[in-house]
Amino acid sequence: MNDSDYLARPPMIEIEGLHKHFGTHHVLKGIDLAVTVGEVVCIIGPSGSGKSTLLRCINHLEIAERGRIRIDGQLAYRDEVGGVFRPHSNRAISAVRAQVGMVFQHFNLFPHLTVLGNLIEAPVHVLGKPKEMARQRGIELLAQVGLGDKANAYPEELSGGQQQRVAIARALAMDPKAMLFDEVTSALDPELVAEVLTVMRDLAAQGMTMLVVTHEMNFARQVGSRVIFMDHGLIVEEDTPDRIFGAPREPRTRDFLRTVLER
Amino acid sequence: MELFNLEVAVANFGPLLAGLLMTVELTLVVIVLSLVFALLVALGGMSRFAPLRWLVKSYVEVMRGTPLLLQLIYVYYVLPEIGIRLDSFTAGVIALTLNYSAYLSEVYRAGIQAIARGQHDAAAALGMTGVLAMRRIILPQAVRIVLPTLGNYFIGLFKDTALCSVVSIQEVVFTAQILAARNFQYFTLYTIVGIMYFAVSFPAARFVGYLERVTKSGYRRKRS
C-alpha cells in the first residue's frame with residue numbers, strides 16, 4: 001500500500017495535544033497523531049521518550065492532563081466543556097477500552113485461568129458473548145497464532161513467546177478495532193522474538209489497524225506503513241519507513257538510528 | 001496410674017466431646033462469617049471514599065489494640081446495659097468475628113496488593129470495570145495467595161474459642177471447668193481437653209502445610 005491510500009480513509013485513533021506529567025517530569029509534551037484504518041504505525045525512540053506512556057494514555061491506563069483522544073471518531077474517556085474536563089462514567093471508559101486491544105511487554109496473562117480461559121474471559125463477561133461461541137472463536141484464534149494444542153495449558157507452562165502469542169489472541173478475541181503493542185518483544189529471549197513478530201506480520205497483512213511501540217527496527221522497516229520517532233516527549237519525525245531509515249531528516253533521528261543499528 | 005483416672009476419663013468423655021463439638025461449631029460459624037466480613041472490610045479499607053476508609057481503619061485499630069478477652073466480656077456483659085441483650089453463643093460469635101475480621105482484612109489486603117499492576121492493566125485494557133476485574137481476576141489470585149495464612153489464623157481461632165468460657169458458652173474448656181468443680185479431677189479432665197485440641201489442630205496444621213505447598217507450586221494442568 002502507498003501513502004495516498006490512507007488519506008482517503010477515516011482515522012481510527014486520533015490524538016490531539018496530549019500532555020502528561022509524572023510528578024514534575026513532563027513525559028508527553030503535546031502529541032498529535034492520527035492512525036488511519038488499516039495502518040501499521042511503528043513508534044521508535046530511546047527509553048524514556050514517552051512512547052509507552054503515549055500508548056497507555058490511548059487506553060486510559062494513564063490519564064493525560066491535557067489533550068483529546070478519539071477512537072473511531074468518538075471522543076474517548078472525557079468531555080471537555082469550556083476547558084473543564086468531565087470524565088466519562090467508568091462503564092463508558094471500559095466500553096471504549098473494550099474496542100482497542102492492548103498487548104504488554106510482560107504479557108500479563110491471567111495465571112489462574114487456562115489459555116482458553118484467558119481468551120474467553122472478557123468476551124463472555126464484558127461483551128456478554130455466549131460461552132460456547134467464545135470458546136469456538138478462542139480455539140480459532142489459538143490456531144491462528146499457532147497454539148491450537150495449548151488451549152488447556154496454564155500460562156506458566158508456556159514459553160515467553162507462546163505466552164505473548166496467547167496475549168495477542170486474547171486481545172483479538174474482543175474483535176478490536178485497533179491493536180496497541182507496547183514493546184511486546186522486549187522481555188523475550190532473542191530466539192523467541194521471531195514467532196511473535198510473525199503473528200504481528202500476519203495481523204498487519206489482514207488489515208488490522210496497529211500502533212506498535214518497538215525496538216525491532218527490522219519490523220518497523222518491513223511492516224510499518226509509517227514510522228514515528230519520539231524523543232523527550234515529542235514526535236521528532238514521522239515518515240515512511242524507507243525515508244526514516246534511509247534518509248532521516250532530523251539529526252536526533254539519525255543519532256538514534258546510528259546507535260541502535262550499530263548494535 | 002494415680003494422676004490420670006481412667007474411670008473418670010470414661011465417665012466424662014461424653015460431655016467433653018459435646019464441648020469439643022461446640023468448640024468446633026463456634027469455630028466454623030466464625031470462619032464463615034469472618035471470611036465474608038473481612039473481605040468487605042478489606043475492600044472498604046481500599047475504597048476511594050475517604051470516610052469509609054477512616055471508619056474501617058479505626059475499627060481495625062481498635063480491634064487489634066484491645067484484648068479479645070475484653071471484647072468478649074464487652075459484648076456479653078456491657079452491651080446489655082445499653083439494651084442489647086445477646087445469648088452467650090451469639091455474643092461469642094460476634095466478638096470473635098469482629099476480632100478476627102480485623103486481622104483477616106489485613107491478610108486479604110496484603111493478598112490483593114500482592115497482585116501485580118499488570119493484572120489490573122490487562123483486565124482494564126480488555127474493558128473490564130474495576131468491580132469485574134476484582135471479582136474475576138484479582139480476588140481469585142489473591143485468595144489463593146493468602147489461603148495458608150487464613151488457615152493458620154483459623155487454627156488460632158479454634159484455640160481462641162476457649163476464651164468464650166468467660167461468657168459461659170458450653171465449649172470444651174467451660175465444660176471441663178464445670179466437671180472439675182464437681183469431681184476435682186483436674187489432671188484427667190484438662191489432659192483430655194488438651195489432647196482433644198491437639199487432635200484437631202495438628203491435622204489442621206498439616207492440612208495448611210499442604211495448602212502452602214500447593215499454592216506455591218503455581219497454576220498447572222492436572223496430570224491424570
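Visitor: At roughly what angle do the axes of helix H1 and helix H4 of chain B cross?

Guide: They cross at roughly 45°. The axes come within 6 Å. Helix H1 covers residues 6–45 of chain B, and helix H4 covers residues 88–113. Keep in mind that this is a predicted model.

Visitor: Is H1(B) oblique or roughly parallel to H4(B)?

Guide: The angle of roughly 45° makes H1(B) oblique to H4(B). The crossing is right-handed.

Visitor: What residue classes does that contact have?

Guide: The contact of H1(B) with H4(B) has 20 nonpolar residues, four polar ones and two charged ones.

Visitor: How many helices and strands does chain B have?

Guide: Eight helices and zero strands. From the N terminus on, the elements run α-α-α-α-α-α-α-α.

Visitor: What does chain B span?

Guide: The C-alpha trace of chain B spans about 70 × 55 × 25 Å along its principal axes.

Visitor: What share of chain B is buried?

Guide: Of its 224 residues, 44% count as buried. As for contacts, take those in chain B between residues at least 6 apart in sequence. Of these, 77% join residues at least 24 apart.

Visitor: Now a single residue. Where is B:Gln141?

Guide: B:Gln141 is in helix H6 of chain B, residues 130–160.

Visitor: Buried or exposed?

Guide: B:Gln141 is buried. Its relative accessible area is 7%, and the cut-off for buried is under 20%.

Visitor: What does B:Gln141 touch?

Guide: Leaving out residues up to four places away in sequence, B:Gln141 touches A:Pro111 and A:His112 in chain A. In chain B it touches B:Ile115, B:Gln119 and B:Tyr219.

Visitor: What about B:Arg117? Which residues does it touch?

Guide: B:Arg117 touches A:Arg56, A:Leu61 and A:Glu62, again not counting residues up to four places away in sequence. B:Arg117 itself is found in helix H5 of chain B, residues 117–125.

Visitor: How many Å apart in space are B:Arg117 and B:Tyr100?

Guide: They are 28 Å apart, C-alpha to C-alpha. In sequence they are 17 residues apart.

Visitor: Over to chain A. What is the order of the strands in the open sheet of four?

Guide: The order is S2-S1-S4-S5, with antiparallel pairing.

Visitor: Which strands stand at the edges?

Guide: Strand S2 (25–36) and strand S5 (74–75) of chain A. Each has a single partner strand, so one side of each is left without a neighbour in the sheet.

Visitor: How do S4(A) and S5(A) pair?

Guide: Strand S4, residues 66–71, pairs with S5(A) in the antiparallel sense over two bridges. A:Ile71 stands opposite A:Gln74 in S5(A).

Visitor: Which helix packs on the sheet?

Guide: Helix H2 of chain A, residues 51–58. H2(A) touches strands S1 (11–22), S2 and S4 of chain A. Its direction makes about 120° with that of S1(A).

Visitor: How many residues of H2(A) are buried?

Guide: Seven of the eight, so H2(A) is largely enclosed by the rest of the structure. The buried residues include A:Leu54, A:Leu55, A:Cys57 and A:Ile58. A:Arg56 is another buried residue of H2(A), and A:Arg56 is touched by B:Arg117.

Visitor: What follows H2(A)?

Guide: A:His60 follows H2(A), with a positive phi near 65°.

Visitor: Hairpins next. What do S6(A) and S7(A) form?

Guide: A hairpin, with two residues between the strands. A:Gly82 in the turn has a positive phi of about 55°. Strand S6 (residues 78–81) and strand S7 (residues 84–87) pair in the antiparallel sense over four bridges. The bridge partner of A:Asp79 is A:Arg86 in S7(A).

Visitor: And S11(A) with S12(A): over how many bridges do they pair?

Guide: Five, in the antiparallel sense. S11 covers residues 226–231 and S12 covers residues 234–239. A:Val227 stands opposite A:Asp239 in S12(A). In this hairpin, A:His232 takes a positive phi near 50°.

Visitor: Last one. At what angle do H4(A) and H6(A) pack?

Guide: About 25°, with their axes 8 Å apart. That makes H4(A) roughly parallel to H6(A). H4(A) passes H6(A) in a right-handed crossing. A:Val115, A:Asn118 and A:Leu119 in H4(A) meet A:Val166, A:Ala169 and A:Arg170 in H6(A). By class, that contact has four nonpolar residues, one polar and one charged.

Key. Residues numbered from 1 in each chain as written. Chains lettered and ligands numbered in written order. Predicted model: local features only at pLDDT ≥ 70, side-chain atom pairs only at ≥ 80, totals over all residues. Heavy atoms only, no water. Pairing = 2+ DSSP bridges. Contact = heavy atoms within 4.5 Å. Axes fitted to C-alpha atoms, helices over the stretch in contact; angles between N-to-C directions. Parallel < 35°, antiparallel > 145°, perpendicular 65-115°, else oblique. Left-handed = near helix turned anticlockwise from the far one by under 90°. Nonpolar A, V, L, I, M, F, W, Y, C, P; charged D, E, K, R; others polar. Buried < 20%, exposed > 50% of the residue type's maximum accessible area, 1.4 Å probe, protein only.
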